Amino acid sequence: MKHKIRLTIFSTLLLLTTHLFAQPTPEGTYFTSFDSTKIYYEVKGDGYPVILIHGFSGTSQGWKSGAVYGDLLKAGYMVIILDQRGNGRSD
């Protein structure tokens, strides 16, 4: 009986630890360039494609905090965001 209780407690702690310290999975994917550089991008929506490119030291995720990203999706556009080389999740 004590063994089952210990096993249950251990399993519960392991499960909780896994969820607490798990890294979030990206919503996008990677494109591998001709020189093997991985470029991160996300595509949302189904309409006419619009590509949003971040500024010098930004990342693609910056678009999500502004109104433009959401407004384009609500208007029915396909919104593509990417991290340029050396920024965000890109190599």
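**Close-up views of a predicted model**

**View 1. Strands S2 and S4 pair in the sheet.** Strand S2 (residues 38-44) and strand S4 (residues 78-82) run antiparallel and are joined by four bridges. The coordinates shown here and in the other views belong to a predicted model. Val43 has Ile80 of S4 standing opposite. Lys44 has Val79 as its bridge partner in S4.

**View 2. The four strands form an open sheet.** The strand order is S1-S2-S4-S3, and the pairing is mixed. Strand S1 (29-32) and strand S3 (49-53) each have a single partner strand and stand at the edges, so one side of each is left without a neighbour in the sheet. From one strand to the next, the twist averages 30°. In general, the strands of a sheet pair through backbone hydrogen bonds, and the pairing is either parallel or antiparallel.

**View 3. S1 and S2 form a hairpin.** Five residues lie between the two strands of this hairpin. Ser36, in the turn, has a positive phi of about 70°. S1 and S2 run antiparallel and are joined by four bridges. Thr32 stands opposite Lys38 in S2.

**View 4. Tyr30 and Tyr40 form an aromatic pair.** The structure holds one such pair. The arrangement of Tyr30 and Tyr40 is edge-to-face, with 5.4 Å centre to centre and 65° between the planes. The pair links distant parts of the chain, with Tyr30 in strand S1 and Tyr40 in strand S2, ten residues apart. Tyr30 has a relative accessible area of 37% and is therefore partly exposed. Tyr40 has a relative accessible area of 0% and is therefore buried.

**View 5. Arg89 lies over the ring of Tyr40.** Arg89 is placed over the face of Tyr40, at 4.9 Å from the ring centre.

View 6. Ala75 has a relative accessible area of 55%; the cut-off for exposed is over 50%, so Ala75 counts as exposed. The C-alpha atoms of Ala75 and Gly47 are separated by 8.8 Å, while the two residues are 28 residues apart along the chain.

**View 7. The whole chain gives the setting for the close-ups.** Two helices and four strands make up the secondary structure of the chain. From the N terminus on, the elements run α-β-β-β-α-β. The chain has 91 residues, of which 18% count as buried. Among contacts between residues at least 6 apart in sequence, 61% join residues at least 24 apart.

Notes: Residues numbered from 1 in each chain as written. Predicted model: local features only at pLDDT ≥ 70, side-chain atom pairs only at ≥ 80, totals over all residues. Heavy atoms only, no water. Pairing = 2+ DSSP bridges. Axes fitted to C-alpha atoms, helices over the stretch in contact; angles between N-to-C directions. Buried < 20%, exposed > 50% of the residue type's maximum accessible area, 1.4 Å probe, protein only. Contact = heavy atoms within 4.5 Å. Phe/Tyr/Trp six-rings, centres within 6.5 Å; stacked < 30°, edge-to-face > 60°. Lys NZ or Arg CZ within 6 Å of the ring centre and 35° of its normal.
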